[in-house]
Amino acid sequence: MKKLSLFLMSFMLIMTSCTKQQEEATESAKFEIKRGVNLSHWLSQSEVRGEERAKHIDEGDIKRLKEFGFDHVRIPIDEEQFWDEEGNKLPEAWKLLTSTLDNCQKHDLRAIVDLHIIRSHYFNAVNEGQANTLFTDSVAQEQLIDMWKQLSDSLNRYPTSLVAYEFMNEPVADDPDQWNQLIAKVHKALRGLEPERTLVIGSNLWQSVGTFKDLKVPENDSNLILSFHYYEPFVLTHYTAWWTPVGKYTGKVEYPGAMISKEEFDNQPDSIKGQIERYTQEWNKDTLKAQIQDAIDVAKKYNLQLICGEWGYFEKSPKEQSLRWAKDMITVFDEDNLAWDLWCYDGDFGFWNPDDSGFKDEEMLKVIMSGKKLGE
């Protein structure tokens, strides 16, 4: 009887140890993030190729971002850089992506691979007189799935704790159910290939916070991160930006408070008053939090991590007001433990010069890194 008791005790100790090891292994495989930055206009939204493209982002950039205190990067990639029009792989871009992920692994920096623009869907198509066919063309949807099958085949060697997949940037569907149905298709395909890989899913209409209530999240999948993009107030973050109607406003902007005074508003041409009227109201940290709340509520409902995958301000935006806005954004993110990806590293919203000559906006970096680190 004594021998049996000792055997049972030993067995229980072994089983407890195994269970603990399994839990620790599962924990170590999680994709955990807090502070990130977009590596924009490199493998996406750029005509640069060859040696110049290869030099744009290299190991030195990855090492630098880690030293600055970032724990991950978001890497936008475009179909046209990875496949030609016949669907053949373009090897140079694939090599650049995998070598960068190798450098991320070397320097303990996690990465979200974001399929940013595809031939059947461009988030800014409506402003450029183009048409998206993705949501009404079953062939285009299968092509999207096939792209991810090929990406998975190339990237599945990376640990799930290192690399996550964001299978489309800023969907613009006329009907939210079109996006929800496509989510289900791509999710099913990727789960058949990589059951444990973290997938990042955004909301419809440019990953707006206002469409989160329409988002249908795949059930019983804890390896998901929900994503929104947030650039409000646009009159500040996109000040004089040529590609947006709000950018036509060139008057004075304040933050916090009433961003455009009544006098400034009255002096504007009627053609832009409709675009800027909402900025005559009070804007502050509470305004930002209230606008983001829908996304926070949905993430809490599903017990999933929430990330602001893009936020930032244009290089021509008023500096003092923009820095105050950025500080409020960080405070809002930290209050609910949201992760974030600044847009961007070295573009026209960035803090680093693209020629690698040093800081373009060191004050921005200090403000955004003043918040909580991963695990805090």
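**Close-up 1. Lysine 300 and aspartate 336 form a salt bridge, their closest N and O atoms being 3.2 Å apart.** A salt bridge here is a side-chain nitrogen of Lys or Arg within 4 Å of a carboxyl oxygen of Asp or Glu. Lysine 300 sits in helix α12, and aspartate 336 in the loop between α13 and β10 (339-342), so the contact ties together parts 36 residues apart in sequence. Helices (H or I, at least four residues) and strands (E, at least two) are DSSP runs, numbered from the N terminus. Lysine 300 is exposed, at 54% relative accessibility. Exposed means over 50% relative accessible area, buried under 20%, and partly exposed in between (1.4 Å probe, protein chains only).

The model is predicted: local features need pLDDT of at least 70, side-chain atom pairs count only at pLDDT 80 or more, and totals for chains, interfaces and linings use all residues. Residues are numbered from 1 along each chain as its sequence is written, and side-chain values use heavy atoms, with hydrogens and water left out.

**Close-up 2. Lysine 289 meets glutamate 335 in a salt bridge (3.5 Å, N to O).** This pair links distant parts of the chain, 46 residues apart. Lysine 289 belongs to helix α12 (residues 285-302), glutamate 335 to helix α13 (residues 319-335). Glutamate 335 is partly exposed, with a relative accessible area of 43%.

**Close-up 3. A network of salt bridges links Lys285, Lys289, Lys300, Glu335 and Asp336.** The structure holds 27 salt bridges.

**Close-up 4. The side chains of lysine 252 and glutamate 254 join in a salt bridge (3.4 Å, N to O).** Lysine 252 is exposed, at 54% relative accessibility. Glutamate 254 is partly exposed, at a relative accessible area of 27%.
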